Amino acid sequence: MLKVNGLQKQYGTFLLDCSLEVKPGYVTGFIGQNGAGKSTTFKAILGLIFKDGGDIEVFGKKIEDLNTLDKQKIGVVLSDSGFSEYLTIQSIIPILDNLYEQFDKGLFLEYIERFHLPKNKKIKEFSTGMKAKLKVIVAISHHAKLLILDEPTAGLDVIARDELLDMLREFMEEDEEHAILMSSHISSDLESLCDDFYMIDDGRIVLHEDTDVLLSDYAILKVDENSFSNLDQQYILKYKKESFGYSCLTHQKQYYIENYPNISIENGRIDELMMIMNGGK
Ligand SMILES: Nc1ncnc2c1ncn2[C@@H]1O[C@H](COP(=O)(O)OP(=O)(O)OP(=O)(O)O)[C@@H](O)[C@H]1O
């Protein structure tokens, strides 16, 4: 569905150099700290910035060769985009109708009703959550096959985030070929939605793993200084100094359960795994 091969983009000392793939039927999470390169990757995928190197394929075609119809099969949410704040939902309907051949007004209005968005209020008077929901509703109301969502849950409270994730689940259930690439700051609530995760740090992919494997095989060992020096470190990906000793991230939980029955082994949420992956040595 989407293949990014050796994408490069240089901004001063920052160098993005990343490869990733989103398969049909997959929700792929793209996580990393502020400034890691998530938005730059998304903008390059969408052809909004020039790339310095690499290839990007969507629907089996190079992005340079996508025609208008292909482009309309991509639903997009970017963190720094949106409608003019002076428009209302009622007034953007004809715009969307003109913009997208497959705009589904019925579906759009169904979501607008479901999420209690006011049709005649100016968008500038919307709350952060209302604006975020509107962006996702627009992205899925023109029968897109691939959604590219940059921080769609940013600034949302827990309830709004759940509603938005439900909307994305429904999008995935509609068609087994649908796919989503979504970025987020380190965020465990994506665990329930994403099938796999790419983690980006300083422009490079430092981890790619299926969510199931992350949750079943990865763990955090919490050890004191003494246990740390006696620990077989061959399956330790990263470690981080703590007040009690060290937190160590492993992708071979079972090995440590069997060979070190006395150390504390925590499954850890994806947040914690990522925090060690990012900040550890
Ligand atoms: N137009 C630009 N000109 C110069 N530098 C840029 C530009 N856009 C991004 N950068 C730099 O590229 C790096 C990656 O930024 P990017 O916005 O891709 O990060 P991000 O992972 O999306 O961060 P955040 O989570 O804060 O949105 C940063 O060092 C940023 O300063």
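Helices (H or I, at least four residues) and strands (E, at least two) are DSSP runs, numbered from the N terminus. The model is predicted: local features need pLDDT of at least 70, side-chain atom pairs count only at pLDDT 80 or more, and totals for chains, interfaces and linings use all residues. Residue numbers start from 1 along each chain, as its sequence is written.

The ligand shell was examined by position and by class. The shell consists of Y11, F14, G32, N34, G35, A36, G37, K38, S39, T40 and H185. Helix α1 (residues 38-45) gives the most to this shell, with three residues. By class, the shell has three nonpolar, seven polar and one charged residues. Here Ala, Val, Leu, Ile, Met, Phe, Trp, Tyr, Cys and Pro count as nonpolar, Asp, Glu, Lys and Arg as charged, and the others, Gly among them, as polar.

Strand β7 (residues 146-149) was considered next. L146 and I148 point one way from β7, L147 and L149 point the other way, and all are buried. A residue is buried if 20 or more other C-beta atoms lie within 10 Å of its own, exposed if 12 or fewer, and partly exposed in between, with C-beta atoms placed from the backbone. Two strands pair if DSSP finds at least two bridges between them. Strand β6 (residues 74-77) runs parallel to β7, and four bridges join them. In this pairing, V76 stands opposite I148. Strand β8 (residues 179-184) also runs parallel to β7, again with four bridges. There, L149 faces M182. Together, β7, helix α6 (residues 158-174) and β8 form a right-handed β-α-β unit. A crossover is right-handed if, with the strands pointing away from the viewer, the path from the first strand over the helix to the second runs clockwise.

An open sheet of four strands has the order β12-β13-β11-β14, with antiparallel pairing. β12 (236-241) and β14 (264-266) stand at the edges with a single partner strand each, so one side of each is left without a neighbour in the sheet. From one strand to the next, the twist averages 25°. Axes are lines fitted to C-alpha atoms, for helices over the stretch in contact, and angles run from 0 to 180 degrees between N-to-C directions. Five bridges join β12 to the antiparallel strand β13 (residues 246-250). K240 stands opposite S247 in β13. Helix α10 (residues 270-279) lies across β11 (219-223), β12 and β13, and runs at about 85° to β12. Two residues are in contact if their C-beta atoms, placed from the backbone, lie within 7 Å.

Several loop residues were also examined. F59 is found in the loop between β4 (53-58) and β5 (61-62). F59 has a positive phi of about 55°, although it is not a glycine. F59 is partly exposed, with 15 other C-beta atoms within 10 Å. H116 is found in the loop between α4 (105-114) and α5 (128-140). H116 is not a glycine, yet it has a positive phi of about 50°. H116 is exposed, with 8 other C-beta atoms within 10 Å.

D195 lies in the loop between β8 and β9 (196-201). D195 is partly exposed, with 17 other C-beta atoms within 10 Å. Not counting residues up to four places away in sequence, D195 touches Y26, V27, T28, D210 and T211. D195 and Y111 are 84 residues apart in sequence and 25 Å apart in space, C-alpha to C-alpha.

Conventions
A residue is near a molecule or strand if its C-beta atom, placed from the backbone, lies within 6 Å of it.
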